[in-house]
Amino acid sequence: MTIDIISVVPDLLSSPFAHSILKRAAEKGLLQVNIINLRDYTTYARAQVDDYQFGGGAGMVLMIEPLVNAVESLKKEKIYDEIIFLTPDGETFNQKQANSLSLKTNLLLICGHYKGIDQRFRDHFVTKEISIGDYVLSGGELAAAVLTDAIGRLIPGVLNNETSALTDSFQDNLLAPPVYTRPEVFRDWPIPDVLKSGNHKLIEQWRYEQAVQRTTLLRPDILDSK
Ligand code: ADE
């Protein structure tokens, strides 16, 4: 899978994919992340990519021309399954969307900046608009990093048995159960006895009950969500 990300602050994206699971995904050839600098596609002087908004108002807007130049040039190399604009007014991202996007071949993520991007680009090029939550970031870069991480780890073959996503929170509409590691007793806080029982059936049942309890208490809204 490839994820191409268009940004005016490409340096913001230099590190998130260079470590841990996503680094291994790249090494295994399962995920390639390309960061594209929007300024490389402008024909305006001094690499200008933004301008004042028509009608007045505070904040600069990313111009349509550099965005279209970039997308049309990238489209010569590959067919994108989705062209995704990261924006606080998009559909809120969740695990179900991450699962579905992890099965695609080529994604293009567009990071906005300043006040936003020219609406005509959204109307004519963007196929999906995604928000990572009800708050406003300075730009789409951190949101693009969140999406790439959540999607990348789900690509078939990226995680092994030990790190399997099947037991992640949200994967089955349940939050994950609590986990413990050594020592067995720290201060006067022992781990639950059942985890030492060696009885895998009993342990599975305990974990399931814990997951249901946790979800009922903390996130009852996801219990019956599809
Ligand atoms: N850009 C700015 N804020 C954002 C958000 N909450 N989600 C996605 N992209 C954004």
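Predicted model: local features only at pLDDT ≥ 70, side-chain atom pairs only at ≥ 80, totals over all residues.
Local features are described only where pLDDT is at least 70, side-chain atom pairs count only at pLDDT 80 or more, and totals for chains, interfaces and linings use all residues. Residues are numbered from 1 along each chain as its sequence is written, and side-chain values use heavy atoms, with hydrogens and water left out.

Figure 1. The protein chain is divided into domain 1 (2–152) and domain 2 (169–224), with bounds taken from an automatic or database domain assignment. The centres of domain 1 and domain 2, taken over C-alpha atoms, are 37 Å apart. Along the principal axes, the C-alpha atoms of the protein chain fill a box of roughly 70 × 40 × 35 Å. Seven helices and ten strands make up its secondary structure; helices (H or I, at least four residues) and strands (E, at least two) are DSSP runs, numbered from the N terminus. Of the 226 residues, 40% count as buried. Buried means under 20% relative accessible area, exposed means over 50%, and partly exposed lies in between, with a 1.4 Å probe and protein chains only.

**Figure 2. The shell of residues around the ligand.** The residues around the ligand include Leu86, Thr87, Pro88, Ile130, Ser131 and Ala143. Strands β5 (82–92) and β8 (128–131) each supply at least two residues of the shell, and β5 gives the most, with three residues. The shell divides into eight nonpolar, four polar and no charged residues. In this division Ala, Val, Leu, Ile, Met, Phe, Trp, Tyr, Cys and Pro count as nonpolar, Asp, Glu, Lys and Arg as charged, and the others, Gly among them, as polar.

Figure 3. A polar contact is a pair of N or O atoms within 3.5 Å. A polar backbone atom of Tyr135 is 2.7 Å from a nitrogen atom of the ligand. For Ile132, a backbone N or O atom lies 3.0 Å from a nitrogen atom of the ligand. Leu137 likewise has a backbone N or O atom 3.0 Å from a nitrogen atom of the ligand. Taken alone the ligand exposes 260 Å², and the protein buries 96% of that; these accessible areas come from the Shrake-Rupley method with a 1.4 Å probe.

**Figure 4. Aromatic pairs.** Rings of Phe, Tyr and Trp (its six-membered ring) pair if their centres lie within 6.5 Å; planes under 30 degrees apart count as stacked, over 60 as edge-to-face and the rest as tilted. By this rule there are two aromatic pairs. Phe121 and Phe125 form a stacked pair, at 5.3 Å centre to centre with 10 degrees between the planes. Both Phe121 and Phe125 are buried. Phe186 and Trp189 form a tilted pair, at 5.9 Å centre to centre with 45 degrees between the planes. Phe186 counts as partly exposed because its relative accessibility is 45%, whereas Trp189 is exposed, with a relative accessible area of 51%.

Figure 5. A cis peptide bond joins Arg182 and Pro183, with omega about 5 degrees. Pro183 lies in the loop between α5 (141–152) and β9 (185–186). Arg46, in the loop between β2 (32–37) and β3 (50–52), has a positive phi near 55 degrees, although this residue is not a glycine. Arg46 is exposed because its relative accessible area is 79%. Arg187, in the loop between β9 and β10 (189–190), is also not a glycine and has a positive phi of about 50 degrees. At 63% relative accessibility, Arg187 counts as exposed.

Terms used
Near = heavy atom within 4 Å. Polar contact = N/O pair within 3.5 Å; in protein donor to acceptor, adjacent residues only side chain to side chain.
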